[in-house]
Amino acid sequence: MSDTATAHDHILAELQAICREVFESPDLTISESTTAEDVPHWDSLNHLNVVAAAEQRFAIRFRTSEIEGLKNVGDFVSLVAAKRKR
Amino acid sequence: MLALDWLPPHPGLPTAITAARALPTPAERLAEAIRLAGFQRDGLATTRIDRLAQESLAEAAPPEGWQRRRLALLGSSTLDTLIPAIRVAALARRLILDVNAAPYGQLRQAILDPDSPLAETKPDFVLLALDANAVLPALPLTASRAEVEAVIQAETDALVTLWREARQRFGAMVIQQTVLNTRLTLFGAAEASVPASPAALIDSFNRRLAEAATANNVLLVDLDGAAAQAGRAQWHDPVRWHQAKQVVAPGATALYGDLVARVVAACCGLSRKCLVLDLDNTLWGGVVGDDGIDGIVLGQGSAAGEAYLAFQRYVGALAERGIVLALCSKNDGDIVEQCFSRHPEMHLKRERIAAAAVNWTDKATNLRQLAATLDLGLESFVFVDDNPAERDIVRRELPMVAVPELPEDVALYPAILAAAGYFESVAFTAEDSARSRQYTENAQRKELLAAATDMEGFLRSLDMRLDAKPPANGDLSRITQLINKSNQFNLTTRRYTAEEVARAVNDPNVVVRGFRLTDKFGDNGLIAVIIARPHQQEAEVLAVDTWLMSCRVLGRGVEAACLKVLAQEAARRGAKALIGEYRPSPRNGMVRDHYKKLGFAPAGNGGESSYWRLDLDSFTEPDCPIRINAT
């Protein structure tokens, strides 16, 4: 497995942990293709909660334009991965 | 992230919250949510604790004796993200706060519109959370100071009108937040010399806002002041502003919630009153029993000694503003007394300390003992100890005592105590300042009582005078304070806001009396409040809605003297009888027989309350050892 793939898996796992807390759903499973529509209660307020928690746990900061362009969890993971590389 | 540094860290908060959700009953889930609210928590943990508490509260009653209040949040930015933080911080202060936010940006409509949904929610508190984008028109940079002043005055006047409307229409206590100065400097150091610069404008407006709030009896949450402490960049994130119109950055939300909750809690009488201090390595460096009085580290000459001295100075200043001081230390009592009287650098004077538990007993037992001696509830205590093990034991044994988490260096103790906001106060009166002295004088009175064998003679020797007058404006805040903090000697435990008290005072049908007691040791200040209203069913009868007294003056015949004042006033108004009510609470068992002792006859029960009747025709005034000065 490449380093990139491992890093992605790691971020996905951490993001899943965040989502389990935010959506109060201990068994929630997310994949790269998961979108906000697939997860109950993923509304705009909880989206802010996910973003804020991700910024804190990954020690990154999203740009103003970045958050709006995310289509699915895969995009989110790639964005975090790109930011952590820098 | 801005951490709540004074709260103890939890080793695994996310897991603990998940585990709490699985507890079998809503009451257990609520109790656990309340417990977890007292730990250091980030935004997400705070939101989850809030969710747990809200869901539990839908099914379980709040803990016995807790107050429950409603807060309406009005502003021109995204406020929903702040609500969980406010509610959880209130939980940590033993208060259930129901919070709702008016629709985004509809601050004025929410207050002024006759059909405003706010009227239905009947808020006890209305918080105006204005942001820099919603106040003051833009001015040309060349505008003169006079032009700037005129604009600020107009904006403030408009707000004062809103405050008045909010107060009159909803009967709510108004809280105004200073404007977080998110504007960047254009000039740098010269900013303040350009009155119309966007940043200078907000600074001037905040100053005026604070003055106007004080003049109009409006509570202030000094958001900008708090932000300046940590750095405004930590409080405001322009990315979040553009994205979601969040004025307060996510990392500062938990702290914001605490700032709001502590003001509301202070207004509900829930601020802490007593600071209990450990001695060795807390008030001075070293162990006085081992190192000797000359061997402890305190005062000028060493950096550490100066740090301990600085902490003593801060504690002394807290006593000056009315916080009661006590000692709780595993130590030899005689050595400690000598240390206070003989050590040349000791800034705290022994007579400033109202009570001391210096012995080898465990601290939880000693804290209970101190609470009994001082007639204060343990929930009014803050306990400061450098030893993490002692802190841990006290937190476990006495969860109602606030035990701040402390860094290893005493130099940082004052900042932690200041940041925690334990002693938040909505006003400062000369009486506050005298209070800690009163506790000491009371200890002297107890000594005199111990020496005197004849009770009657003792009371006469105190040379007491009771002043009872209809309250003037200046007394209202003190009367409201007493109404909201008295738990034990409180017949009905009805809490009233300053607004409600003012309304009662101005109602010619209602009798409101504040009682002050002076004796040969000094002024005890305002010690009792009685509110009586016309009885709802019976004409020419006054119903005693509220009767409460400070426990400091127990056992001195003050109750009988107060009754004398009330009976005379009732008779003057043509009343034939008084109806007293005892409404039991978890803490007011001591006054169960209050009316019986004063000669009232049982007059039935209703709900939880028992009622008592005194016919004024057959009432003979008791002979009491107190001179009365009433009007």
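At what angle do helix H1 and helix H2 of chain B pack, and how far apart are their axes? To find out, open this predicted model and select residues 13–21 of chain B, which form helix H1, together with residues 26–36 of chain B, which form helix H2. The two helices pack at an angle of about 165°, and their axes are 9 Å apart. Since angles over 145 degrees count as roughly antiparallel, H1(B) and H2(B) are therefore roughly antiparallel to each other. Where H1(B) passes H2(B), the crossing is left-handed.

Next, show the residues through which the pair meets: from H1(B), select Leu13(B), Ala16(B), Ile17(B), Ala20(B) and Arg21(B), and from H2(B), select Arg29(B), Glu32(B), Ala33(B) and Leu36(B), which they contact. Sorted by class, this contact of H1(B) with H2(B) has 6 nonpolar and 3 charged residues, and no polar ones.

Now stay with H2(B) and colour its buried residues, which are Arg29(B), Leu30(B), Glu32(B), Ala33(B), Ile34(B) and Leu36(B).

Is Ala215(B) buried or exposed? Ala215(B) has 9 other C-beta atoms within 10 Å and is therefore exposed, the cut-off for that class being 12 or fewer. Finally, select Val160(B) as well: its C-alpha atom and that of Ala215(B) are separated by 10.0 Å, while the two residues are 55 residues apart along the chain.

How values were computed: Residues numbered from 1 in each chain as written. Chains lettered and ligands numbered in written order. Predicted model: local features only at pLDDT ≥ 70, side-chain atom pairs only at ≥ 80, totals over all residues. Axes fitted to C-alpha atoms, helices over the stretch in contact; angles between N-to-C directions. Helix = DSSP H or I, 4+ residues; strand = E, 2+ residues; numbered from the N terminus. Parallel < 35°, antiparallel > 145°, perpendicular 65-115°, else oblique. Left-handed = near helix turned anticlockwise from the far one by under 90°. Contact = placed C-beta atoms within 7 Å. Nonpolar A, V, L, I, M, F, W, Y, C, P; charged D, E, K, R; others polar. Buried ≥ 20, exposed ≤ 12 C-beta atoms within 10 Å, placed from the backbone.
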